[in-house]
Amino acid sequence: MLQIQVITGSKVPIYRQVVDQIRSAIGSGAVAIGQPLPSVRSLAGELVVNPNTIAKAYAALVADGVVESQQGRGYFVAQRREIYTKAERTRRLDEAVGPMVAEALSLGFSEQEIIGAISKHFQKLGKS
C-alpha cells in the first residue's frame, strides 16, 4: 500500500517529497511492478496540494523510467530497466551522497555513524 505524506514548509519541494516516497516504496517492494499509482487528482486531493505538483512528480518518475504512463489508464510502476549509463548512474549517486555526507559531518557524525545510519536505512527497506 502506497502511503505518501508531505511536510509543508520543508526545504524539500513537495513534488520531490512525493518522488522520493514513491521511489522508496518501489525500492522496498511496498509497491509492486505493474501496480497502478493513484491518479494525479486523487493524490493531489488526498495530500491537499495542487494537481500540477503531483503531475510534476509523476513526470519526473516517468523521465527516470521508474513509472510509465499509459494513455487513458494512468500511471503504473515500471519494470526496472537501465535507462542511464553506468557513468550517469554514478554521477547521480555522487550528487545524492555528497550533500548527505557533508551535512552529516557538519552535524558532528563520524564516518562509522554515517555508514551505520545508511545500513539501518537499507535494513528498513529490506535490502540488506
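Which residues of α1 are buried? In this predicted model, in which local features need pLDDT of at least 70, side-chain atom pairs count only at pLDDT 80 or more, and totals for chains, interfaces and linings use all residues, the buried residues of α1 are Gln-17, Val-18, Val-19, Ile-22 and Ala-25, where buried means under 20% relative accessible area, exposed over 50% and partly exposed in between, with a 1.4 Å probe and protein chains only. Residues are numbered from 1 along each chain as its sequence is written, and side-chain values use heavy atoms, with hydrogens and water left out.

The chain contains 5 helices and 2 strands, which follow one another from the N terminus as α-α-α-β-β-α-α; helices (H or I, at least four residues) and strands (E, at least two) are DSSP runs numbered from the N terminus. Its C-alpha trace spans about 50 × 35 × 25 Å along the principal axes, and 21% of the 128 residues are buried. Among contacts (heavy atoms within 4.5 Å) between residues at least 6 apart in sequence, 45% join residues at least 24 apart. For residues 12-80, UniProt lists "domain: HTH gntR-type" in an unreviewed entry; UniProt positions are given in the numbering used here, feature names are shortened, and annotations may be inferred rather than shown by experiment. Over residues 12-80 the chain is 52% helix and 12% strand, with the end C-alpha atoms 26 Å apart.

The 15 residues of α1 should span 21 Å at 1.5 Å a residue, and the 21 Å between its end C-alpha atoms agrees with this, the expected span being 1.5 Å times one less than the number of residues. The cover over the buried residues of α1 includes α2 and α3, and the helix is followed by Gly-29, whose phi is positive, near 85°. Helix α4 (residues 86-106) has 21 residues and reaches 30 Å from its first C-alpha to its last, close to the expected 30 Å; just after α4, Gly-108 takes a positive phi of about 95°.

In soluble globular proteins, nonpolar side chains tend to be buried together. The largest nonpolar core here has 20 residues, and Val-18, Ile-22, Ile-54 and Tyr-58 are those with the most contacts inside it; such a core is a set of buried Ala, Val, Leu, Ile, Met, Phe, Trp, Tyr and Cys residues joined through side-chain atoms within 4.5 Å. At least two residues of this core come from each of α1 (14-28), α2 (40-47) and α3 (51-63). Leaving aside neighbours within four places in sequence, Ile-22 is in contact with Leu-2, Ile-4, Leu-37, Tyr-58 and Leu-61.

Asp-64 lies in the loop between α3 and β1 and counts as buried because its relative accessibility is 18%. Its side chain makes polar contacts with the side chain of Arg-23 (2.3 Å) and with that of Arg-92 (3.5 Å), a polar contact being a pair of N or O atoms within 3.5 Å, of which, within protein, one must be able to donate a hydrogen and the other to accept it, while residues adjacent in sequence count only if both atoms are side-chain atoms. Not counting residues up to four places away in sequence, Asp-64 touches Arg-23, Ile-83, Tyr-84 and Arg-92.

Strands β1 (residues 67-70) and β2 (residues 74-77) run antiparallel and are joined by 4 bridges, pairing being assigned if DSSP finds at least two bridges between two strands. They form a hairpin with 3 residues between them, and Gly-72 in the turn has a positive phi of about 80°, while Gln-70 stands opposite Gly-74 in β2.
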